[in-house]
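Hello,

I am handing over the structure below, with notes on what was found in it. Please read them with the structure open beside you.

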Amino acid sequence: MGSGLLTVGYMRYIEPEWLEVNPLTIRLWERPLPSPVKLLHLSDLHASGIVSQSYLREAIRRGLQFKPDLICLTGDYISSGEAVPAGYKQTLSTLAAAAPVYATVGNHDGGRWAMSRGGFSDSTAIRRLLRDAGARVLHNDATLLSVGATRLRLVGLGDYWSREFLPASAFAARPGAVDLPTILLSHNPDSKDALRSYRWHLALCGHTHGGQLSLPLIGEPFAPVRDKRFMKGLYQWQGRQLFISKGVGCMRGMRLNCRPEISLLTLI
């Protein structure tokens, strides 16, 4: 009984805010980049009554110590059924004050899935929040940018579960840039199978929370993905790469053997 209570206390009060800062170097495509790119990837903030603004501000502060050239956010800024917290725009605006921010949305941010759980009917409100905080929202859209001598194409998708996922529109946005290294922002890693016919090199995803509860001898039974081979970290897949963040926040305030994550990616 005592050990069980200790485990529950750890799951609820220690691990959910025990942030990992994970540096990783990634070879982006077949040739070395003209200059390296320092990319801060944050996902699944899940601001709510459980995931506080003070915790999110600390996560952002620690991520910005990396001094990134570029910041990418991959969805689930809130939890469905909860109001947007007071002061959230100010929390997020710290990111855009430090570096260019590009963002896409997740299933909790609005759409068919979120509405069925008391959330927004579409992602308009969250996209407005992100824009007001200084982020460029890539919602089935693409953009070109230069970081030092390196030129990149960023492509951002609407959420895969929310009837806002339109890859043909996203990739058509910059048709003349297909020969550039391409980073894809797509919240749900299961979307990779619908994207195999498009040209991209690295997908940044979230959604899984790394499984959130990783159980000895069982694994991650609650992970919200069909393809459980792709849960957290960096993967090679059909000549491209996927990086899946374990997320900053969580649902229901619990984690086990799966600490929240700030991802510091150096692209070379």
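**The largest pocket**

The volume of the largest pocket is about 410 Å³. It is lined by 18 residues, and those closest to the pocket's centre are His209, Gln212, Phe222, Met251 and Arg252. By type, the lining is made up of eight nonpolar, eight polar and two charged residues. Please keep in mind that this is a predicted model.

**The open sheet**

Six strands make up an open sheet with mixed pairing, and their order is S1-S12-S2-S3-S4-S5. The edges are held by strand S1 (20-26) and strand S5 (136-137); each has a single partner strand, so one side of each has no neighbour in the sheet. S1 and S12 run parallel and are joined by seven bridges. Isoleucine 26 has leucine 267, in S12, as its bridge partner.

**Helix H2**

The buried residues of H2 are Gln53, Tyr55, Leu56, Ala59, Ile60, Gly63 and Leu64. An α-helix has 3.6 residues a turn, so residues three or four places apart point the same way.

Regards

Notes
Residues numbered from 1 in each chain as written. Predicted model: local features only at pLDDT ≥ 70, side-chain atom pairs only at ≥ 80, totals over all residues. Heavy atoms only, no water. 1 Å grid on protein atoms, 1.4 Å probe; cavity = no way out; pocket = protein on both sides within 12 Å on 5 of 7 lines; lining within 4 Å. Points joined across faces, edges and corners; volume = space filled by probe spheres on them. Nonpolar A, V, L, I, M, F, W, Y, C, P; charged D, E, K, R; others polar. Buried < 20%, exposed > 50% of the residue type's maximum accessible area, 1.4 Å probe, protein only. Helix = DSSP H or I, 4+ residues; strand = E, 2+ residues; numbered from the N terminus. Pairing = 2+ DSSP bridges.
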